[in-house]
Amino acid sequence: MRFIHASDLHIDSPLRGLDRYEGAPVARLRTATRAALERLVDMAVAERVDFVLLAGDIYDRDWQDFHTGLFFREQMVPLDRANIRVFIVQGNHDAQGVITRQLILPPNVTVFSSRTAQVFRIDELAVAIHGRSFPDRAVDEDLVPSYPAPVPDFFNIGMLHTSLNGRVGHDTYAPTDLATLLAKGYDYWALGHVHAREVVSEVPRVVFPGNLQGRHANETGAKGCELVTVEAGRIDAEFVALDVVRWSQVVVPLHGLDRLEALGDAFREALEPVLVGAADRLHAVRVTLRGSTALHRLEANQPGTLAAAVQAAAQDVGDAEVWIEQVRLELTTPMDRGQAVQRQDAVGELIRLVDSIAGDDVELASRTRAELGDLLDELPPEVTAGLLAGDVLRLDNFDDLRGLLRDAEATVLARLAAAVGGV
């Protein structure tokens with residue numbers, strides 16, 4: 001017996017804010033969730049699996065029209081023709097109370113009820129699949145106690161969209177714990193909701209496969225599904241990457257580097273591990289340049305120079321297609337800060353002022369609110385709640401505020417150095 005376990009397809013996730021990136025491959029990014037599902041269907045047919053499990057969040061939200069639903073239905077048809085059954089539990093994004101438009105799915109597709117837990121048997125395989133869909137977006141009860149007892153002498157699979165006992169970056173839905181899952185006596189738990197792949201338990205096997213396609217720079221690395229083979233009760237599982245766009249974050253150390261020509265080499269060296277074994281994908285890369293470097297003076301004098309150099313270096317990568325989503329600077333100009341703070345000039349005064357503000361949370365928050373509060377309040381929704389989660393400054397996060405303050409100090413010092421020939 002072979003089956004595929006996938007979750008969190010988020011088909012047609014809106015990916016707001018892409019248009020503000022010059023040269024962004026917008027069309028390819030917006031169709032990536034569809035292309036990943038097409039890859040899953042192709043693999044299911046090629047591997048001749050017996051069934052496919054989709055553990056919630058097939059859709060990202062209610063359909064604006066029927067195009068999203070029709071696309072999903074279209075992908076189910078070749079599975080039906082190949083006699084591959086599909087079992088679905090709905091999660092918080094595609095709960096029955098969220099998706100208001102309805103389409104009749106092909107006969108091979110089974111969607112679990114949201115009113116009660118159900119079990120579907122495949123007698124010829126001696127498999128029993130248990131599950132329950134979300135009735136609404138927010139489900140705060142543990143659904144596992146309502147699941148049926150395991151079917152004797154069958155391979156029992158539980159499908160559940162859940163945060164378990166909590167996962168960073170994910171809302172708490174259908175909370176439960178590993179002990180509760182194990183006590184149910186099933187052989188495999190097909191989980192969904194968490195976008196990072198995680199094998200919670202080997203025996204019995206409890207797995208979050210992660211989402212099928214990363215959608216932004218905080219969903220990095222290979223994304224795909226579990227291909228599971230069961231023989232004589234023994235489970236052999238393999239992760240299969242199906243993403244068509246691979247998101248990555250790369251840190252380029254620039255400490256001591258003083259020539260712009262060397263930046264490209266440093267970037268390509270840092271990028272190389274990301275490209276290994278994945279040259280056939282579009283790589284969307286967020287780059288952080290970090291360290292104490294004389295190049296910071298050049299950047300301060302000519303803003304955008306280092307980002308342009310990284311983008312140029314990406315164009316020269318010959319064995320993969322690379323799009324630089326963003327270049328972040330965490331740079332300082334080489335200097336002895338301990339000596340500089342003693343100086344009785346503008347440099348020393350600046351450093352002392354920064355130290356004073358950074359050491360007082362109340363003053364730090366007050367000054368930031370005074371300078372940036374109105375601007376942050378007026379940001380459009382597509383920026384504050386759009387594609388790049390976590391990119392908007394939070395005024396209650398003092399680590400973020402101190403980082404912003406240090407960046408401002410480094411930029412001013414670099415411009416002073418560029419103006420007077422040294423600091």
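A residue is called buried when its relative accessible area is under 20%, exposed when that area is over 50%, and partly exposed in between (1.4 Å probe, protein chains only). The model is predicted, so local features need pLDDT of at least 70 and side-chain atom pairs count only at pLDDT 80 or more, while totals for chains, interfaces and linings use all residues. Residues are numbered from 1 along each chain as its sequence is written, and side-chain values use heavy atoms, leaving out hydrogens and water.

In helix α7, the residues Thr305, Leu306, Ala309, Val310, Ala313 and Ala314 are buried. The cover over the buried residues of α7 includes α5, β14, α6 (295–301) and β15 (321–332).

Two packed helices are described by the angle between their axes and by the distance between the axes. The axes of α5 (residues 260–275) and α7 (residues 305–315) come within 9 Å and cross at roughly 55 degrees. α5 is therefore oblique to α7, a term for angles that are not under 35 degrees (roughly parallel), over 145 (roughly antiparallel) or 65 to 115 (roughly perpendicular). On the α5 side, the contact (heavy atoms within 4.5 Å) is made by Leu260, Leu263, Gly264, Phe267 and Arg268, and on the α7 side by Thr305, Leu306, Ala309, Val310, Ala313 and Ala314.

Strand β14 (residues 282–292) contains Arg286, which is buried with a relative accessible area of 3%. The side chain of Arg286 makes a polar contact with the side chain of Glu325 (3.1 Å); such a contact is a pair of N or O atoms within 3.5 Å, where within protein one must be able to donate a hydrogen and the other to accept it, and residues adjacent in sequence count only if both atoms are side-chain atoms.

Note on methods. Helix = DSSP H or I, 4+ residues; strand = E, 2+ residues; numbered from the N terminus. Axes fitted to C-alpha atoms, helices over the stretch in contact; angles between N-to-C directions.
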